[in-house]
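Here are my notes from going through this one. Have it open in your viewer while you read.

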Amino acid sequence: MLPLIGFVYFAIAMGLSSLSYATEPLPLPKGPVVLTVSGKIKRTNGNGVALFDIKMLEALGRTSFTSRWDLSEAPLLFEGVPLRALLERIGVLGKSLRASALNDYAAVIPMEDLRFEPILATKVDGRTLTIRDKGPLWIAYPRDAHKVLQDAKYDYRWVWQLNKLHVE
(Lines give C-alpha, C1' and ligand atoms only; values in the text may rest on other atoms or scores of the structure.)
Protein backbone atom coordinates (compact mmCIF):
# COMPACT_ATOMS: atom_id res chain seq x y z
CA MET A 1 0.00 0.00 0.00
CA LEU A 2 2.79 2.42 0.91
CA PRO A 3 4.54 2.15 -2.49
CA LEU A 4 1.23 3.02 -4.17
CA ILE A 5 0.87 6.15 -2.03
CA GLY A 6 4.44 7.14 -2.90
CA PHE A 7 3.67 6.65 -6.57
CA VAL A 8 0.55 8.83 -6.29
CA TYR A 9 2.54 11.64 -4.64
CA PHE A 10 5.24 11.30 -7.31
CA ALA A 11 2.65 11.44 -10.11
CA ILE A 12 1.01 14.50 -8.58
CA ALA A 13 4.36 16.23 -8.15
CA MET A 14 5.31 15.47 -11.77
CA GLY A 15 1.96 16.75 -12.99
CA LEU A 16 2.27 19.94 -10.98
CA SER A 17 5.83 20.53 -12.15
CA SER A 18 4.81 20.22 -15.80
CA LEU A 19 1.83 22.46 -15.10
CA SER A 20 4.10 25.13 -13.63
CA TYR A 21 6.42 24.87 -16.63
CA ALA A 22 3.48 25.51 -18.95
CA THR A 23 2.55 28.64 -16.99
CA GLU A 24 6.07 30.08 -16.68
CA PRO A 25 6.74 33.18 -18.76
CA LEU A 26 8.41 32.52 -22.09
CA PRO A 27 12.08 33.51 -22.07
CA LEU A 28 13.44 35.72 -24.83
CA PRO A 29 15.22 33.91 -27.65
CA LYS A 30 19.01 34.07 -27.48
CA GLY A 31 19.62 32.85 -31.02
CA PRO A 32 18.04 33.63 -34.37
CA VAL A 33 14.23 33.45 -34.29
CA VAL A 34 13.06 30.48 -36.36
CA LEU A 35 9.36 30.54 -35.42
CA THR A 36 6.88 33.29 -34.58
CA VAL A 37 3.51 32.30 -33.14
CA SER A 38 0.68 34.83 -33.06
CA GLY A 39 -3.08 34.92 -32.57
CA LYS A 40 -5.09 33.35 -29.76
CA ILE A 41 -2.30 32.46 -27.33
CA LYS A 42 -1.87 33.05 -23.60
CA ARG A 43 1.91 33.36 -23.30
CA THR A 44 4.09 35.71 -25.33
CA ASN A 45 7.61 37.07 -25.15
CA GLY A 46 7.35 39.74 -27.83
CA ASN A 47 4.85 42.34 -28.91
CA GLY A 48 1.81 40.02 -28.63
CA VAL A 49 3.68 37.08 -30.18
CA ALA A 50 5.73 34.10 -29.03
CA LEU A 51 9.21 34.04 -30.53
CA PHE A 52 11.31 30.86 -30.54
CA ASP A 53 14.88 30.09 -31.42
CA ILE A 54 15.85 26.49 -32.13
CA LYS A 55 17.12 25.83 -28.58
CA MET A 56 13.86 27.05 -27.05
CA LEU A 57 11.92 24.69 -29.32
CA GLU A 58 14.16 21.73 -28.56
CA ALA A 59 13.76 22.39 -24.82
CA LEU A 60 10.06 21.51 -25.26
CA GLY A 61 11.00 17.90 -25.93
CA ARG A 62 12.11 15.73 -28.81
CA THR A 63 10.44 12.88 -30.62
CA SER A 64 10.84 10.99 -33.87
CA PHE A 65 9.08 8.66 -36.26
CA THR A 66 9.81 6.94 -39.53
CA SER A 67 7.40 7.62 -42.37
CA ARG A 68 7.10 8.41 -46.04
CA TRP A 69 5.85 11.76 -47.21
CA ASP A 70 4.03 12.38 -50.48
CA LEU A 71 7.19 12.58 -52.62
CA SER A 72 9.43 10.02 -50.91
CA GLU A 73 9.75 6.45 -52.10
CA ALA A 74 11.40 5.15 -48.95
CA PRO A 75 10.56 5.92 -45.33
CA LEU A 76 12.51 8.76 -43.74
CA LEU A 77 13.39 9.33 -40.09
CA PHE A 78 11.81 12.63 -38.95
CA GLU A 79 13.11 14.09 -35.68
CA GLY A 80 11.81 17.18 -33.96
CA VAL A 81 9.55 18.85 -31.46
CA PRO A 82 6.00 17.62 -30.84
CA LEU A 83 3.63 20.28 -32.17
CA ARG A 84 1.39 19.56 -29.18
CA ALA A 85 4.22 20.51 -26.76
CA LEU A 86 4.66 23.88 -28.45
CA LEU A 87 0.95 24.64 -28.37
CA GLU A 88 0.64 23.62 -24.71
CA ARG A 89 3.63 25.79 -23.80
CA ILE A 90 2.10 28.95 -25.26
CA GLY A 91 -1.45 28.22 -24.13
CA VAL A 92 -3.35 27.98 -27.39
CA LEU A 93 -6.98 29.09 -27.32
CA GLY A 94 -7.96 28.65 -30.99
CA LYS A 95 -9.43 25.92 -33.16
CA SER A 96 -6.89 25.94 -36.01
CA LEU A 97 -3.40 27.01 -37.03
CA ARG A 98 -2.42 28.93 -40.11
CA ALA A 99 1.07 27.63 -40.86
CA SER A 100 3.16 29.87 -43.11
CA ALA A 101 6.48 29.23 -44.81
CA LEU A 102 9.38 31.44 -45.86
CA ASN A 103 8.09 31.32 -49.46
CA ASP A 104 4.63 32.54 -48.28
CA TYR A 105 2.99 29.13 -48.73
CA ALA A 106 0.30 28.71 -46.08
CA ALA A 107 -1.93 25.87 -44.91
CA VAL A 108 -4.65 25.65 -42.30
CA ILE A 109 -4.19 22.88 -39.76
CA PRO A 110 -7.20 22.05 -37.58
CA MET A 111 -6.47 21.33 -33.93
CA GLU A 112 -8.03 17.88 -34.45
CA ASP A 113 -4.82 16.95 -36.31
CA LEU A 114 -3.02 16.84 -32.96
CA ARG A 115 -4.47 13.34 -32.52
CA PHE A 116 -1.90 12.21 -35.13
CA GLU A 117 0.99 13.77 -33.15
CA PRO A 118 2.60 15.85 -35.94
CA ILE A 119 6.01 17.32 -35.23
CA LEU A 120 8.07 20.35 -36.10
CA ALA A 121 10.88 18.38 -37.74
CA THR A 122 14.37 19.80 -37.39
CA LYS A 123 16.17 16.75 -38.78
CA VAL A 124 15.50 14.19 -41.49
CA ASP A 125 17.56 11.00 -41.61
CA GLY A 126 19.93 12.49 -39.05
CA ARG A 127 20.64 15.67 -41.05
CA THR A 128 19.75 19.05 -39.56
CA LEU A 129 17.36 20.78 -41.93
CA THR A 130 18.52 23.98 -43.59
CA ILE A 131 16.48 26.40 -45.66
CA ARG A 132 17.82 24.68 -48.78
CA ASP A 133 16.37 21.31 -47.74
CA LYS A 134 12.98 22.28 -46.27
CA GLY A 135 14.15 23.68 -42.93
CA PRO A 136 14.83 24.85 -40.45
CA LEU A 137 11.33 23.62 -39.47
CA TRP A 138 9.06 21.24 -41.37
CA ILE A 139 5.63 20.16 -40.12
CA ALA A 140 5.62 16.39 -40.56
CA TYR A 141 2.92 13.80 -39.91
CA PRO A 142 3.42 10.08 -39.17
CA ARG A 143 1.82 9.29 -42.54
CA ASP A 144 2.62 5.58 -42.54
CA ALA A 145 1.10 5.07 -39.07
CA HIS A 146 -2.38 6.29 -40.07
CA LYS A 147 -3.98 5.32 -43.37
CA VAL A 148 -6.16 8.46 -43.30
CA LEU A 149 -3.00 10.63 -43.49
CA GLN A 150 -2.29 9.26 -46.97
CA ASP A 151 -5.03 11.53 -48.33
CA ALA A 152 -3.90 14.59 -50.34
CA LYS A 153 -5.69 16.97 -47.95
CA TYR A 154 -3.10 16.06 -45.30
CA ASP A 155 -0.18 16.28 -47.74
CA TYR A 156 -0.87 20.02 -48.07
CA ARG A 157 -0.36 20.40 -44.33
CA TRP A 158 3.28 19.31 -44.51
CA VAL A 159 4.57 22.87 -44.43
CA TRP A 160 8.30 23.05 -44.96
CA GLN A 161 10.43 26.14 -44.31
CA LEU A 162 7.87 26.91 -41.59
CA ASN A 163 8.46 30.27 -39.95
CA LYS A 164 5.03 31.39 -38.65
CA LEU A 165 2.02 29.92 -36.93
CA HIS A 166 -1.12 31.98 -36.40
CA VAL A 167 -3.69 30.55 -33.99
CA GLU A 168 -7.24 31.19 -35.21
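The points below go from the overall fold to a few local details.

1. First, a reminder that this is a predicted model. The chain has four helices and ten strands, and along the sequence they come in the order α-β-β-α-β-β-α-β-β-β-β-β-α-β.

2. If you take contacts between residues at least 6 apart in sequence, 59% of them join residues at least 24 apart. The exposed surface comes to about 9400 Å², with carbon and sulfur atoms supplying 59% of that.

3. Now the inside. The largest nonpolar core has 45 residues, and L35, F52 and F78 are the ones that touch the most other members. Helix α3 (residues 83–90) is the top contributor to this core, giving five residues.

4. Setting aside neighbours within four places in sequence, its contacts include L26, P29 and P32, then V33, V34, L35 and V37. Further along the sequence, F52 also contacts L57, L60, L86 and I90.

5. Is T122 buried or exposed? T122 sits in strand β7 (residues 119–124), and its relative accessibility is 4%, so it counts as buried, the cut-off being under 20%. Leaving out residues up to four places away in sequence, T122 touches I54, E58, R62, E79, G80, R127, T128, L129, P136 and L137.

6. The peptide bond between G135 and P136 is cis, with omega about 5 degrees. P136 belongs to the loop between β8 (127–128) and β9 (138–140). For context, most peptide bonds are trans, and most residues other than glycine have a negative phi.

7. As for cover, E117 is partly exposed at 37% relative accessible area, whereas Q161 is buried at 14%.

8. Finally, what lines the largest pocket? The lining consists of W69, D70, L71, A101, N103, Y105, D155, Y156, W158, V159 and W160. By type, that lining divides into eight nonpolar residues, one polar and two charged. The volume of this pocket is about 190 Å³.

Key. Residues are numbered from 1 along each chain as its sequence is written. This is a predicted model: local features need pLDDT of at least 70, side-chain atom pairs count only at pLDDT 80 or more; totals for chains, interfaces and linings use all residues. Side-chain values use heavy atoms; hydrogens and water are left out. A nonpolar core is a set of buried Ala, Val, Leu, Ile, Met, Phe, Trp, Tyr and Cys residues joined through side-chain atoms within 4.5 Å. Buried means under 20% relative accessible area, exposed over 50%, partly exposed in between (1.4 Å probe, protein chains only). Helices (H or I, at least four residues) and strands (E, at least two) are DSSP runs, numbered from the N terminus. Contact means heavy atoms within 4.5 Å. Accessible areas come from the Shrake-Rupley method with a 1.4 Å probe; for residues, only the protein chains shown count as cover. On a 1 Å grid over the protein atoms alone, a cavity is a set of points where a 1.4 Å probe fits but cannot get out, and a pocket is an open set with protein on both sides within 12 Å along at least five of seven lines; lining residues have an atom within 4 Å of a point. Grid points are joined across faces, edges and corners, and a volume is the space filled by probe spheres set on the points. Ala, Val, Leu, Ile, Met, Phe, Trp, Tyr, Cys and Pro count as nonpolar, Asp, Glu, Lys and Arg as charged, and the others, Gly among them, as polar.
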